[in-house]
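This report describes one protein structure, section by section. Please have the sequence and the coordinates open while reading.

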Amino acid sequence: MREWIYGRNPVNEVLRAGRRQAFRLLVVEGAQNKGLLANILDHCNKNKIPVESAPRTELDRRQPGNQGLLLEVSAYPYVALPDIFDRSQQRAESPLILVLDSLQDPQNLGTLLRTAEAVGVHGVLLPLRRTAAVSPAVVNASSGASEHLLVTQINLAQAIKNMQDRDIWVVGLESGPESQLLDKKALRGSLALVIGAEGQGMRSLIRKSCDQLFHLPMRGSIESLNAAVAGSIALYLAWEMRAFNQ
């Protein structure tokens, strides 16, 4: 399976990460060889990736909003859950894992992947069905951060049990009647942070599987934040607690 990655930052990060096979790069006719494009072309030249010039109409036909270049690559390289545990061991860090239960919006998924990569998350878990996957739109929304992350598609309930057996504390973020006001101390140590889908939140089985449910404090007039914003805040709070307590 092949797909087209678009946008200069995403294309650059795909090439930098080197986890996918790159087949060819399409560059719009008349593009100036400077800045990030110059770095991309240099990488392609050094790694013998074919570069083709094409009219903008062809690029737009394949993918609107392409910023003048498209990279044809192999499918996203998902991993297994043990690979995520291995990464935390290789870094000599307690696990920090993001669990996303049935997010549908590629922009929200991409935003959370970008934040996860920024704070050093060891891996991200997605369900097997009824979820946005790491598509080119998600790669673009993450500005290419997805290429540096370990992501697995897995039965979330079984994965949560596996993590709990490894003494990883599973915390769900949800503004429901069962949740408590977030205590940052609960985000220390080995942690899996669970974020539910837009609107309906976590599925019942996933909610019941969590060790504890929390919600963020809200001071204004609105009742909640969207999944990407709330999850990003919680990830940075977790990073803060780890940075000062390890």
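What covers the buried residues of α7?

## Helix α7

The cover over the buried residues of α7 includes α4, β5, β6, β8 (169–173), β10 (191–195) and α8 (204–209). This is a predicted model, in which local features need pLDDT of at least 70 and side-chain atom pairs count only at pLDDT 80 or more, while totals for chains, interfaces and linings use all residues. Residues are numbered from 1 along each chain as its sequence is written, and side-chain values use heavy atoms, with hydrogens and water left out. Helices (H or I, at least four residues) and strands (E, at least two) are DSSP runs, numbered from the N terminus.

In α7 (residues 156–165), the buried residues are Leu156, Ala157, Ala159, Ile160 and Met163. Buried means under 20% relative accessible area, exposed over 50%, and partly exposed in between (1.4 Å probe, protein chains only). These residues lie on the same side of α7, because they cover an arc of only 160 degrees around the axis; the arc is that of the directions from the helix axis to the C-beta atoms. An α-helix has 3.6 residues a turn, so residues three or four places apart point the same way. Gln158 and Asp165 are exposed, on the face of α7 turned away from its buried side.

At the start of α7, a side-chain oxygen of asparagine 155 comes within 3.2 Å of the backbone nitrogen of alanine 157. After α7 comes aspartate 167, with a positive phi near 65 degrees.

## The sheet

The open sheet has 7 strands in the order β7-β6-β5-β10-β8-β11-β9, with parallel pairing. Its edge strands, β7 (151–153) and β9 (180–181), each pair on one side only. Two strands pair if DSSP finds at least two bridges between them.

β8 is largely enclosed by the rest of the structure, because 4 of its 5 residues are buried. β8 pairs in the parallel sense with β10 over 5 bridges, and leucine 173 has isoleucine 195 in β10 as its bridge partner. β8 also pairs in the parallel sense with β11 (residues 212–215), over 3 bridges; here glycine 172 stands opposite leucine 213.

Valine 124 has valine 151 in β7 as its bridge partner.

## Helices on the sheet

Helix α4 (residues 81–90) packs on the sheet and touches β5 (96–100), β6 and β7, and its direction makes about 160 degrees with that of β6. Helix α5 (residues 106–118) lies across β5 and β6, at about 175 degrees to β5. Axes are lines fitted to C-alpha atoms, for helices over the stretch in contact, and angles run from 0 to 180 degrees between N-to-C directions. Contact means heavy atoms within 4.5 Å.

## Histidine 122

Leaving aside residues up to four places away in sequence, histidine 122 touches residues including Ile84, Arg87, Leu150 and Arg242.

## Cysteines

A search of the whole structure finds 0 disulfides (pairs of cysteine sulfur atoms within 2.5 Å). Cysteine 44 is buried at 1% relative accessibility, and cysteine 210 is buried at 11%.

Key:
Polar contact = N/O pair within 3.5 Å; in protein donor to acceptor, adjacent residues only side chain to side chain.
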